[in-house]
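Me: Hi! I'm new to this one and would like a friendly walk through it. Could you help me read what's below?

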Amino acid sequence: MPRKIIIDTDPGQDDAVAILLALASPEDIEVLGITAVAGNVPLDLTAKNARKVCEVAGRPDVKVFAGCDRPLAHTLVTAEHVHGKTGLDGPDLPEPQMELQDQHGVDFIIDTLRAEAAGRVTLCPLGPLTNIATALQKAPDIAEKVQEIVLMGGAYFQVGNITPAAEFNIYVDPEAADIVFKSGIPIVVMPLDITHKALVTGPRNEAFRQLGTDPGRIVAEWTDFFERFDKEKYGSAGAPLHDPTVIAYLIRPDLFTGRHINVEIETKSDLTRGMTVADWWRVTDRAPNAMFMGGIDADGFFALLTERIARL
């Protein structure tokens, strides 16, 4: 049976590729809905971008919901410097024709989990964890219904990409991340430590372009735009493609290796706010609460992406 998921997202070019991968994989994944959150760009744009991506995939039937427009405790930090003013800069995409759902994204998450059998729905956050934490605060009973949370966020060896200590998704709303990591729900973390091992090099991006399809061209143009910032920042051969690792893990978990360890979120320090304090070497007696990934088969990851995007 396909795995039932809710994608919680702030598109973002890499979020967009993750959504396409999920929608191109119906034998593995059933997307129950997509909830937008403020993150890479404000909520009005992330909700619009999610619908644009569904239309690129030829799936205007997918339900998209707008969720929280700000973090739990602090002012929203966005990333237009990476993703452009729309969040999806690169290809020229038309305004979406599909409607945004009236229901709030948090309520959709709660209602869906309550309606499904326990252990049947996986939450896939690709951005700040505001919607997930808000749902857990509003309806604590849903925690036992979640099969797993597979998220992109945090770092250990790579440390931070928005501050010296913090990865962007966690930094935007560390209070929300703290709630999620303390929820008792099984968690799988795709940190910068693996996404920086999965770079969109020239040949890998050309493989998308050579598919000869609109989705293939659009993915190539997204990553063309997206990578300019990271190549200059890191001096690397390409940009890390963060969010599709979440969906790839659901399809091919064998592409990843990690450790079940304790992960705590720093919420108080001005210096290290948003840091994921990952006990990779198990030097504390704190109980493990997350499978923290450290290795990825990058060639296998991009082969899967290319094969599935070719279906659209």
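Me: What follows α10, and what is its phi?
Reply: Gly 235 follows α10, and its phi is positive, near 65 degrees. Keep in mind that this is a predicted model, where local features need pLDDT of at least 70, side-chain atom pairs count only at pLDDT 80 or more, and totals for chains, interfaces and linings use all residues. Residues are numbered from 1 along each chain as its sequence is written, and side-chain values use heavy atoms, with hydrogens and water left out.

Me: And the start of α10, which residues meet there?
Reply: A side-chain oxygen of Thr 213 comes to within 3.0 Å of the backbone nitrogen of Gly 216.

Me: How far apart are the end C-alpha atoms of α10?
Reply: They are 30 Å apart, which agrees with the 30 Å that 21 residues (214-234) should span at 1.5 Å a residue. The expected span is 1.5 Å times one less than the number of residues. Helices here are DSSP runs of H or I with at least four residues, strands are runs of E with at least two, and both are numbered from the N terminus.

Me: Where is the kink in α10 centred?
Reply: On Glu 227, with a kink of about 35 degrees. That bend is the angle between axes fitted to the seven residues ending there and the seven starting there.

Me: Is Glu 227 buried or exposed?
Reply: Glu 227 is among the buried residues of α10, which also include Trp 222, Phe 226 and Asp 230. Buried means under 20% relative accessible area, exposed over 50%, and partly exposed in between (1.4 Å probe, protein chains only).

Me: Changing topic: which residues have a positive phi without being glycine?
Reply: Val 159 has a phi near 60 degrees, and Arg 282 has one of about 55 degrees. Val 159 sits in the loop between β5 (146-152) and α6 (168-172), and it counts as partly exposed because its relative accessibility is 32%. Arg 282 is in the loop between β11 (276-278) and β12 (290-296).

Me: Which peptide bond is cis?
Reply: The one from Pro 11 to Gly 12, with omega near 0 degrees. Gly 12 is in the loop between β1 (3-9) and α1 (13-23).

Terms used
Polar contact = N/O pair within 3.5 Å; in protein donor to acceptor, adjacent residues only side chain to side chain.
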